[in-house]
Amino acid sequence: MEGPTSSRALPILAAAGLMVLGLAMPARALAHAPVRPDPARNPGAVNAEVSQDNIFETICVRGWTRTVRPPEDYTYHLKVRELRDWGYADRETRDYEEDHLIPLELGGSPTSPDNLWPEPWAGEWGARTKDRIENRLHWLVCHGRLSLNEARHAIATDWIAAYREYVGDR
């Protein structure tokens, strides 16, 4: 069954959410300001082994993400390739985290390139800020305040809008 966070539905959800919010950016602009992943390249992808029914055996278990985190060698080489192939002006790998759009703590796919992109460390909406919304959504899901699918949808469509809704204004 195709739910709102199936791997085939996420590209549509991400693109639709960005268009509704007026946040669609040309690919060239994203190469210079990649605080939001390009939904055509990174629509998000989920770990099929994580569902609402098993969150207390998976994502809500302390340390669980360590069991699924991809090797640094894998993410480093993917980051190098993406920085080059996508035409980023700044190709210094130290300036980016190869980040999961749908984070591991919400059952995002650990290795799918659809779920990984070079996210800048610098700036108001850099990787450290996104970490805060990831942690907040994880807490809400594991405390029964938000469904897993709602959290995945919020972060996959526009993580900055999700930040504003669930954390507050920056």
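## The overall layout

What pattern does the protein follow when read along the sequence? Going along the sequence, the elements come in the order α-α-α-α-β-β-α-α-α. That gives 7 helices and 2 strands in the protein. Please keep in mind as you explore that this is a predicted model.

Of the 170 residues in the protein, 49% are buried. The accessible surface of the protein is about 8,900 Å², and carbon and sulfur atoms account for 51% of that surface.

The contacts tell us how the sequence is brought together. Taking contacts between residues at least 6 apart in sequence, 68% link residues that are at least 24 apart.

## A closer look at two helices

Let us turn to one pair of helices. Two packed helices are described by the angle between their axes and the distance between the axes. Here, helix α5 covers residues 127-142 and helix α7 covers residues 159-166. The two pack at an angle of about 60°, and their axes lie 10 Å apart. An angle of this kind makes α5 oblique to α7, and the crossing of α5 past α7 is left-handed.

Which residues make the contact? From α5 come T129, K130, R132, I133, R136, L137 and L140, while α7 brings W159, A162, Y163 and Y166.

Technical notes
Residues are numbered from 1 along each chain as its sequence is written. This is a predicted model: local features need pLDDT of at least 70, side-chain atom pairs count only at pLDDT 80 or more; totals for chains, interfaces and linings use all residues. Side-chain values use heavy atoms; hydrogens and water are left out. Axes are lines fitted to C-alpha atoms, for helices over the stretch in contact, and angles run from 0 to 180 degrees between N-to-C directions. Helices (H or I, at least four residues) and strands (E, at least two) are DSSP runs, numbered from the N terminus. Angles under 35 degrees count as roughly parallel, over 145 as roughly antiparallel, 65 to 115 as roughly perpendicular and the rest as oblique. A crossing is left-handed if the near helix is turned anticlockwise from the far one by less than a right angle, and right-handed if clockwise. Contact means heavy atoms within 4.5 Å. Buried means under 20% relative accessible area, exposed over 50%, partly exposed in between (1.4 Å probe, protein chains only). Accessible areas come from the Shrake-Rupley method with a 1.4 Å probe; for residues, only the protein chains shown count as cover.
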